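Visitor: I have a structure to look at and some questions about how its parts pack. Could you take me through it step by step?

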Amino acid sequence: MKITRRDFIKATSALGISLGMPGWALARAGLDPSSDGGAPPVIWLQGQGCSGCSVSLLNSINTMSIQDLLLNTINLEYHPTLMAAAGSQAVKAAEDRRIKGDYVLVVEGAVPTAAGGQFCHAWDGRTFMDVVKSYGKNASHILAVGTCASHGGIPGGKPDATGARGVKDVLGTTATVVNIPGCPTHPDWIVGTVAHIISYNQAPALDTYGRPLLFFQNKVHARCPERSSPRARSLGEGGCLADLGCKGRETYSDCPVRKWNSSGPNQPGVNWCVEARNPCGGCTEHDYPDGKSPFYEK
Amino acid sequence: MMATIKISPLTRIEGHLDIEINVEKVLGQDQVVDARVAGTMYRGFENILVGRDPRDAVHLTQRICGVCPISHATASSIALDSAFQATPPENGRLLRNLVLGSNFLQSHILHFYHLTLQDYVDTTGLLGKAPWQPRYITPDLISGSAARQLVDGYVKALDTRRKLQEMGAIFGARMPCSSTFVPGGFTEVATSTKIKDFAVLFVEVYNFISGVFFNDLLTLGMHFLKYLSIGRGCGNLLAYGAFEEKGGGKLFPAGRFTSGKYGKVDPGRIAEYVGHSRYTPRTSGLNPSVGVTEPDLGKTDAYSWIKAPRYEDVVHEVGPLARLWVAGHYRRGISVLDRLVARMLECWIISDGMARWLMELQPGKTGIHPTTVPPTGTGVALAEAPRGALGHWMEIRNSRLSRYQVLTPTAWNASPMDDAMRKGPMEQALVGTPIADRSQPIEALRVVHSFDPCLACSVHVLDKG
């Protein structure tokens, strides 16, 4: 019996839907012509942060330009820094998507949990903690971008009066949260993780801190070009900065190879902390900043 | 019939801001008759800094804001220089200025194109998907070929601001959040190659500013000339000055314009009030050098996490307009459009400075005079962020920070009412703004955005005394 292409697509779509595949992933596979072309909807929430991770994302060029990301690759349906809508029009855009589901939730900034979460409001009297929990429920993937959202970061530094926590702490062990730390994080780490999700409909393999092994498999020290150099004795000297407080031996990141602020597609960055003669501060780690302080002492 | 309109969240700023405006018909036209502006997020940086190694301050304070981190890096390293009694070598001063300059230009381009433009241009059909839709559509928006020109600028500007961050990283290790600002100077060495790489990008950026940015500002301004008479606010301006020059002067000098008169700036005459801010009443009215921050969540009559800084008990606005005004570069007027114009013109002045500093660099010479942490010391830095006057105050005891205080520009601009019921600059600027359509109060967005608010900065750092 001949099966038409249309019937084939309907059947595979039904199978895909019953497996819990989001609409945009089906469209990616060419299975659901009614969806919006394969660009996953993204809801980007900001809490106790500084927007540095968003600013860093805007620098994306090595893996993909920010123009390409926003115009062609994702549907950024909520982002407080970039979106045209304000107030209730903005909240409605987020709520409409939350109800539909099938979105990638990105959280930037820590979640204050003390005093019922009142140290940060997402909008109109709703605490950020409450909104994160609400949006975490219907998300197909959850990304905690930056060290603040991953582990509490600087707001969680002693004395931590606001109870600043990472997203995983707030959502609990049943939620799968991909931590993409860094203070700020690197645009390649975000774009690479999103690309993996779009291509395979699953998060990349994660380490024990929830970080993609793609970027966080090796310690900074393992690939530092200065590891065999003579030790610098005072700040401003080149060489190995171990005696000046470098935390490269206890920090996982690909900074020495990827470097920062790429000049174009498929280009490494122009510089990084140790190359610029400042010791690594360990900003991708779960215990940043307290466990890495003082930055200039061993 | 009065209406109360709340815009929560107010988007296309940095951080968390809510505004509430009362709108009423005055002489037949709806206009804002009262306004309240509120910061809605608190972190408590000041308490986090106390007890730490002073050298950590430059790194931690940068994370007050990811849009203008270099302003904090500059202010913190200058305050530390003072406390450590260190003077950076020439290359250190120049490299700090160059990275700070790149950060200013990046911030101003981001502000005009990515934070502000959508208030004035109908992007329907040009940027037809999220995050550019949904949006307010009002009859006064720029459309047609001018809209295409401005949207084209928006997309080009994404790449230009990225290049400015690359420039900052060539010397500053990475952007945002540079690791090379330290007491005693700057760790990276200015090699000939780095100077050349910086210069190549700088020329591209300079051409964008002089060409596309200038042109787009004029296009927007000509369509919205009425905004030269909207959003004046308090009419008083304050600048601490920034970009250290050889011999102790600054590219932008310090100064004040208070009740129509010019004056000097004495930081001892600044007081921060908390009458309507969520801090204990006993801490109101203190100078930042002895300030205290005690959050008071349940305080009645408080509506903001931002304090209310005042100079001699007078409300002052800070920012590019204030800097250009006190320096004499621009004195046309104070309004929404004047702020946008001043911000763009400032890019030229900073660019001129950057070209000069780049040429003054001595390739290969160190940028740092190494220092050690003193057992005691104090340091004050009066500097500028893209958004306006920025101050860092610090004290060291037993080689640790015993006090750290940051007074940011948006604290001045987005302050709530003080104890004497004086409204902040943004609140005052909103009052009198015409609102054509209560369901789409786009005029209020234009007024607020003209200040380029940065809320992570404004709910900030004051020490525990």
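Visitor: How are α5(B) and α6(B) oriented to each other, roughly parallel or roughly antiparallel?
Guide: This is a predicted model, where local features need pLDDT of at least 70, side-chain atom pairs count only at pLDDT 80 or more, and totals for chains, interfaces and linings use all residues. Residues are numbered from 1 along each chain as its sequence is written, with chains lettered from A and ligands numbered from 1 in the order in which they are written. Helix α5 (residues 144-172) and helix α6 (residues 192-223) of chain B pack at about 155°, and angles under 35 degrees count as roughly parallel, over 145 as roughly antiparallel, 65 to 115 as roughly perpendicular and the rest as oblique. The two helices are therefore roughly antiparallel.

Visitor: How far apart are the axes of α5 and α6 of chain B?
Guide: Axes are lines fitted to C-alpha atoms, for helices over the stretch in contact, and angles run from 0 to 180 degrees between N-to-C directions. Helices (H or I, at least four residues) and strands (E, at least two) are DSSP runs, numbered from the N terminus. For this pair, the axes lie 9 Å apart.

Visitor: How many nonpolar residues are in the contact of α5(B) with α6(B)?
Guide: Two residues are in contact if their C-beta atoms, placed from the backbone, lie within 7 Å. Among them are B:Leu150 and B:Phe171 in α5(B), and B:Phe198 and B:Leu220 in α6(B). Ala, Val, Leu, Ile, Met, Phe, Trp, Tyr, Cys and Pro count as nonpolar, Asp, Glu, Lys and Arg as charged, and the others, Gly among them, as polar. By class there are four polar and seven charged residues, and the nonpolar ones number 13.

Visitor: Which strands are the edge strands of the open sheet in chain B?
Guide: Two strands pair if DSSP finds at least two bridges between them. The sheet has three strands in the order β13-β14-β15, with antiparallel pairing. An edge strand pairs on one side only, and here those are β13 (377-385) and β15 (400-407).

Visitor: How many residues of β14(B) are buried?
Guide: A residue is buried if 20 or more other C-beta atoms lie within 10 Å of its own, exposed if 12 or fewer, and partly exposed in between. Helix α3 (residues 69-84) of chain B packs on the sheet, touching β13 and β14. β14(B) is mostly covered, and of its ten residues the buried ones number nine.

Visitor: Which residue takes a positive phi in the hairpin of β14(B) and β15(B)?
Guide: Two residues lie between these strands. The phi is near 50°, and the residue is B:Asn398.

Visitor: Which element gives the largest share of the side of chain B that touches chain A?
Guide: The contact takes 63 residues from chain B and 64 residues from chain A. On the side of chain B, β1 (3-7), α1 (45-49), α2 (57-62) and α5 each supply at least two. The largest share is eight residues, and it comes from α5(B).
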